Amino acid sequence: MTSSDDLEARLLALGESLDVPSPPPADVARSVRARLEPRLAPEAPAPVSPAPVSPAPETRAPEAPAVPGGPGALRRAWEALRDGGRARRRAVVAAVAILVALFLGATPAGRAAVAEILRFAGVELRIGDPGPLPSGVPLPLPGERRVTLEQAREQVAFPISIPAALGDPAEVRVSDGGRVVSLFWPGLRLDEYDGGLQLVFRKDLGPPWPEETGVGAAKAQWIPAHHGLTYLPRGGGEAAVRPRPAGPTLIWQRGRVGLRLEGVEELGRALEIARSVR
């Protein structure tokens with residue numbers, strides 16, 4: 001078998017032994033150029049109408065890589081949403097709103113944040129998530145003491161009304177220097193107080209929610225559920241009396257006097273008693 005080295009050597013020797021006259025270099029060049037120019041000559045371009053000139057695309061300077069949670073992360077996120085179109089932004093905003101609503105409804109802090117406060121007839125109604133009912137033995141109001149009905153009328157600065165449907169009370173108490181007078185019947189309590197200027201009580205309410213009703217021409221609030229009741233001292237500040245549990249209550253105002261009837265389980269009976277107040 002002939003090796004590649006032997007084959008190369010024989011070809012070189014054959015090339016040297018051949019006597020082929022070389023053409024003049026100039027002639028070879030002209031001949032090759034004459035054959036190639038028709039093939040290599042470019043075709044003339046067809047006339048075309050000028051294309052409309054569009055503005056050059058806006059170029060932005062390259063930005064530094066974003067750092068998650070770093071400065072400007074919120075701005076970059078919003079710019080990304082802005083570039084994504086209105087529908088995408090609306091979807092994201094709706095999702096965020098749902099998450100916020102779920103947070104507010106699922107956590108005590110959230111529920112407290114959305115609690116509604118209504119002030120009516122000297123009573124602040126905090127409507128939301130009141131938590132568990134107060135426990136323990138209820139404490140008396142500041143300066144609370146038993147008096148007769150005649151003594152109570154001498155110690156308070158407002159007229160004391162008696163519901164004809166209940167008759168004279170079994171017990172009368174005056175509290176906080178004549179600010180509040182409380183009338184008692186078995187299972188029932190009627191607090192009367194100056195309800196025109198200051199808040200006297202606070203109620204923390206959950207469902208079932210309070211119901212607006214009326215006693216004659218006056219508006220009233222019916223609270224059907226058991227709830228926490230706090231006495232608010234004169235001049236504001238922290239109450240010296242801890243909250244106590246209270247039963248269903250009807251609240252209304254008669255002139256500048258606020259009335260709070262507690263212990264009646266049905267609204268109809270509570271309104272019947274309230275309308276009989278003289």
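**Terms put to the test**

Reply: About 30 Å³ of space lies in the largest cavity. This is a predicted model, where local features need pLDDT of at least 70, side-chain atom pairs count only at pLDDT 80 or more, and totals for chains, interfaces and linings use all residues. Residues are numbered from 1 along each chain as its sequence is written, and side-chain values use heavy atoms, with hydrogens and water left out.

Me: What makes a space a cavity?

Reply: On a 1 Å grid over the protein atoms alone, a cavity is a set of points where a 1.4 Å probe fits but cannot get out. Grid points are joined across faces, edges and corners, and the volume is the space filled by probe spheres set on the points. The structure holds 1 cavity of 30 Å³ or more.

Me: Which residues line the largest cavity?

Reply: Lining residues have an atom within 4 Å of a point. Here they are Ser135, Gly136, Val137, Pro138, Leu139, Arg242, Pro243, Arg244 and Pro245. The lining divides into 5 nonpolar, 2 polar and 2 charged residues. Ala, Val, Leu, Ile, Met, Phe, Trp, Tyr, Cys and Pro count as nonpolar; Asp, Glu, Lys and Arg count as charged; the others, Gly among them, count as polar.

Me: Why is Glu171 called buried?

Reply: Buried means under 20% relative accessible area, exposed over 50%, partly exposed in between (1.4 Å probe, protein chains only). Glu171 has 17%, so Glu171 is buried. Glu171 is in strand β4 (residues 171-175). Strands (E, at least two residues) and helices (H or I, at least four) are DSSP runs, numbered from the N terminus.

Me: How do you know that Glu171 makes a polar contact with Arg173?

Reply: A polar contact is a pair of N or O atoms within 3.5 Å; within protein, one must be able to donate a hydrogen and the other to accept it, and residues adjacent in sequence count only if both atoms are side-chain atoms. The side chains of Glu171 and Arg173 make such a contact at 2.4 Å.

Me: What makes a nonpolar core?

Reply: It is a set of buried Ala, Val, Leu, Ile, Met, Phe, Trp, Tyr and Cys residues joined through side-chain atoms within 4.5 Å. The largest one has 30 residues, and Ile160, Val181, Leu183, Leu250 and Trp252 touch the most other members. Its largest share, 5 residues, comes from α7. Apart from it lies another core of 16 residues, including Leu125 and Tyr193.

Me: Where is Asp176, and is it buried or exposed?

Reply: Asp176 is in the loop between β4 and β5. At 16% relative accessibility, Asp176 counts as buried. Setting aside neighbours within four places in sequence, Asp176 is in contact (heavy atoms within 4.5 Å) with Pro142, Gly143, Tyr231 and Arg234.

How values were computed
1 Å grid on protein atoms, 1.4 Å probe; cavity = no way out; pocket = protein on both sides within 12 Å on 5 of 7 lines; lining within 4 Å.
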